[in-house]
Amino acid sequence: MTLNSNNRSRIHPQKFALWLAMGSILMMFMAFTSAYFVKQATGSWVEYRLPNMFYLNSAIILLSSLTLHISYKSFVGGQEGKYKWLLVISFVLGIAFLAGQYLAWSQLFEMGIDLKGNASGAFLYLITGVHALHIFGGLAAIFVALIRAFTWDYKVTDKRKNRFEMTLQYWHFVDILWIYLFILLLFTK
Amino acid sequence: MGHFEATHELDVMIEENGYDDHFHDHHHGDKYQSNFIHHYIFSMDHKIIARQFLITGIFWALIGAAMSIVFRLQLGFPEESLAWLQPLLGKWIVVSEAGIGKLAPEFYYALVTMHGTIIVFFVLTAGLSGTFSNLLIPLQLGARDMASPFLNMLSYWFFFLSSVVMFYSLFLNTGPFAGGWTAYPPLSALPQASSGSGAGMTLWLVSLTFFVVSVLLGGINYVTTVLNLRTKGMSLWRMPLTIWAFFVTAILGILSFPVLVSGFFMLMCDRGLGTSFFLSEIFIEGQALDYIGGSPILYQHLFWFLGHPEVYIIILPAMGLTSEVLSVHARKPIFGYRAMVYSIMAIGFLSFIVWAHHMFMSGVNPFISNFFVVFTLIIAVPSAVKVFNWITTLYGGNIKLNTPMLFAIGFVSMFISGGLTGIFLGNSAIDIQMHDTYFVVAHFHIVMGVAAFFGMFAGVYHWYPKMFGRFMNETLGKLHFWGTMIGAYAIFWPMHYIGMAGVPRRYYSFDTFDSFAHFGDLNKFITIAAIIVFAIQVVFVINFFVSIWKGKKMTTRNPWGATTLEWTTPIDTGHGNWPGKLPIVHRWAYDYNKDERDFVTQITPLAEGETPGDH
């Protein structure tokens with residue numbers, strides 16, 4: 001975005017575009033949510049217990065949001081070392097979340113909940129699966145940040161700050177999205 | 001380029017009043033368009049991307065229209081041999097021993113399906129808003145380019161990829177998808193349901209998923225650009241109505257297309273992973289399938305939650321273009337500018353809460369239907385406000401009846417005729433008779449098919465000089481207009497009568513319905529009219545492409561005497577749009593016939609004691 005010379009607001013256009021993209025992603029999950037409720041209301045809905053892994057995963061993703069946030073604060077605050085190792089930890093926690101989701105699906109499958117059975121199970125796989133894809137996107141962004149952190153000289157510029165903020169906001173977004181989905185699945189199954 | 005020598009009076013005005021954003025201090029302009037590939041193919045310049053969208057749209061429009069001619073031949077002349085089409089359509093024309101060629105019924109459905117998909121998505125969404133949002137948003141707002149030229153380029157190439165996949169599906173051995181453009185399950189969810197439901201449907205889903213990515217990348221860019229990159233003085237209330245329309249269109253796209261993708265994901269799961277979202281107990285060839293408890297109605301909800309905003313994604317840009325063209329060529333300010341803006345917003349908002357009027361006959365609760373009837377009819381209010389304002393803009397104007405103006409007036413005509421039948425169809429009681437008949441076909445073709453095409457044509461003829469530096473041939477343009485105007489009514493007006501009598505749409509043949517036998521001649525008439533209208537569109541396409549090289553050259557910057565910023569750029573508009581400083585806007589976009597001046601550009605400062613035109 002080289003053409004923001006006449007930018008009218010204080011928000012960087014890229015960041016604004018990211019918010020629009022998040023709105024769009026949110027609409028997709030709203031569609032899943034409403035489809036979920038409509039389907040549930042039509043009956044033939046098998047109830048089951050959510051796998052324990054989901055609780056642990058929620059803790060992991062919340063923690064990763066926190067570490068990434070502190071990493072950003074350290075980046076801006078000039079604490080190079082803290083910024084770098086917290087970034088690494090955030091990335092590892094993100095991977096751990098995905099691995100944990102995989103374990104949770106395995107647990108579910110062993111409980112006899114599979115895609116081909118009742119729609120309640122199929123919805124769970126679908127919603128958490130599409131969410132995992134969005135986590136994957138966030139991990140890609142953190143990975144790029146990670147490479148830059150260790151290959152570029154440490155320097156706080158507006159451009160790098162903005163990039164980091166966008167990565168952070170997206171990561172918080174998929175984190176909050178997960179908490180929302182988890183609560184939805186927990187209380188409406 | 002840092003010290004730009006201003007010679008043209010508009011350049012002088014911009015140089016004196018504009019502001020320097022130091023855009024040309026860096027030499028990205030030269031690197032940016034240095035070779036053919038970067039200039040014309042993987043271009044990041046919004047003006048080139050606009051032309052890419054337009055030309056791809058024209059390509060698809062020809063294919064989509066040609067398909068309609070083939071199925072109209074079947075409907076108008078079911079007894080005639082179509083053997084002459086065999087070289088083109090191959091095995092889909094079944095030739096009997098007596099040499100009589102028949103269109104294969106499966107392929108008839110494929111043609112109907114592809115016609116809808118292509119025209120709705122590829123032509124009237126990408127070809128219309130893709131073209132003009134790209135061309136006009138930066139130019140009319142005084143921006144150097146889109147917020148993200150790179151995402152803008154990706155937006156086009158995702159559309160291109162989607163086009164390639166869909167085009168490929170036309171040549172599959174089993175044919176393209178044939179279950180209707182709405183792709184309702186079970187025809188879309190069971191690969192074995194029909195010949196097009198296998199590979200054809202898979203490619204349809206892949207293609208449209210790419211298409212949604214394109215729409216989202218484009219839409220995010222348009223909204224960001226409108227909100228962040230307007231030049232100094234260009235407040236929201238000084239934006240031309242074109243921009244307001246593109247802005248609301250983009251928001252509708254961002255909010256509704258993801259919902260369609262959700263539906264697509266669920267459909268993909270049903271097709272490939274054995275889930276039962278949309279499939280309930282089904283027997284095929286005496287065998288029970290594994291699916292249990294799914295709901296095909298659920299898909300319809302998800303589809304129409306996009307589907308209804310989608311018709312406004314199609315019509316709003318056409319409305320914006322029409323408003324602008326009417327005002328310029330009537331030499332009058334648009335009547336009720338703010339009412340127009342509020343109408344656009346109201347239509348945009350209401351479009352999200354009327355989707356189930358497409359589903360009155362699917363067994364939804366009649367009380368819920370009432371809710372949707374009421375909101376559907378309320379859309380008539382902002383629509384009527386707009387029509388009133390267009391007509392009032394024309395009233396007492398110094399009307400120049402050139403081709404863009406004719407098409408803009410034609411748009412208003414089509415929008416009225418098509419809109420009125422919408423009031424019938426919006427009533428759930430009348431819909432019992434009208435649902436899935438030719439009345440519906442006539443309604444939506446006039447109101448969002450022909451009308452949107454008219455808005456697009458008005459835009460193409462009006463902004464052609466801006467895109468190619470030349471004019472299209474005016475005589476051929478007028479022939480194009482009158483032929484299309486009369487022809488389109490000749491095609492769709494009779495369909496209302498056929499529809500009121502209950503003739504259902506999408507039927508291959510009415511052989512077995514004696515009650516519809518007397519519509520045979522009317523169907524012949526419609527088919528002949530369709531062929532003539534198609535031939536006239538070929539005239540347009542020839543005019544379009546020949547004029548790129550042979551058209552009358554544009555000698556002045558502002559041939560129409562318009563007030564908006566795009567006409568203050570040089571004839572050969574380079575990268576960054578303005579060669580020197582950026583213009584500063586001092587007034588709204590509709591100062592025509594003001595204080596004895598024919599028009600006053602937006603960059604002209606207010607004279608001493610002058611009251612703004614939009615006071």
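Helices (H or I, at least four residues) and strands (E, at least two) are DSSP runs, numbered from the N terminus. Glu596(B) has a phi near 65 degrees, which is positive, and it is not a glycine. Most residues other than glycine have a negative phi, and most peptide bonds are trans. Is Glu596(B) buried or exposed? Glu596(B) is exposed, with 5 other C-beta atoms within 10 Å. The cut-offs are these: 20 or more other C-beta atoms within 10 Å of a residue's own makes it buried, 12 or fewer makes it exposed, anything in between is partly exposed, and the C-beta atoms are placed from the backbone.

Before going on, some housekeeping. This is a predicted model, in which local features need pLDDT of at least 70 and side-chain atom pairs count only at pLDDT 80 or more, while totals for chains, interfaces and linings use all residues. Residues are numbered from 1 along each chain as its sequence is written, and chains are lettered from A and ligands numbered from 1 in the order in which they are written. The pLDDT is the predictor's confidence in each residue, from 0 to 100. Chain B averages 92, and 97% of its residues score at least 70. For the complex, the predictor gives an ipTM of 0.91 and a pTM of 0.94.

Two other backbone details in chain B. Arg331(B), not a glycine, has a positive phi of about 50 degrees. Arg331(B) is in the loop between helix H10 (296–330) and helix H11 (337–350), and it is partly exposed, with 16 other C-beta atoms within 10 Å. The peptide bond from Pro185(B) to Pro186(B) is cis, with omega near 10 degrees. Pro186(B) belongs to the loop between helix H7 (149–169) and helix H8 (199–228).

Now the helices of chain B. In H1(B), residues 9–17, the buried residues are Leu10(B), Asp11(B) and Ile14(B). Seen down the axis of H1(B), they fall within an arc of 100 degrees, so they line one face of the helix; the arc is that of the directions from the helix axis to the C-beta atoms. On the face turned away from that buried side are the exposed residues Glu9(B), Val12(B) and Glu16(B).

How do H13(B) and H16(B) run, parallel or perpendicular to each other? The axes of H13(B) (403–425) and H16(B) (474–500) come within 10 Å and cross at roughly 10 degrees. The two helices are therefore roughly parallel, a label for angles under 35 degrees. Axes here are lines fitted to C-alpha atoms, for helices over the stretch in contact, and angles run from 0 to 180 degrees between N-to-C directions.

Finally, chain A. It has five helices and zero strands, and 34% of its 189 residues count as buried. Between the chains, 33 residues of chain A are in contact with 41 residues of chain B, where contact means C-beta atoms, placed from the backbone, within 7 Å. On the chain A side, helix H1 (13–41) and helix H4 (119–151) each supply at least two residues. The largest share, 16 residues, comes from H1(A).

Terms used:
Two residues are in contact if their C-beta atoms, placed from the backbone, lie within 7 Å. Angles under 35 degrees count as roughly parallel, over 145 as roughly antiparallel, 65 to 115 as roughly perpendicular and the rest as oblique.
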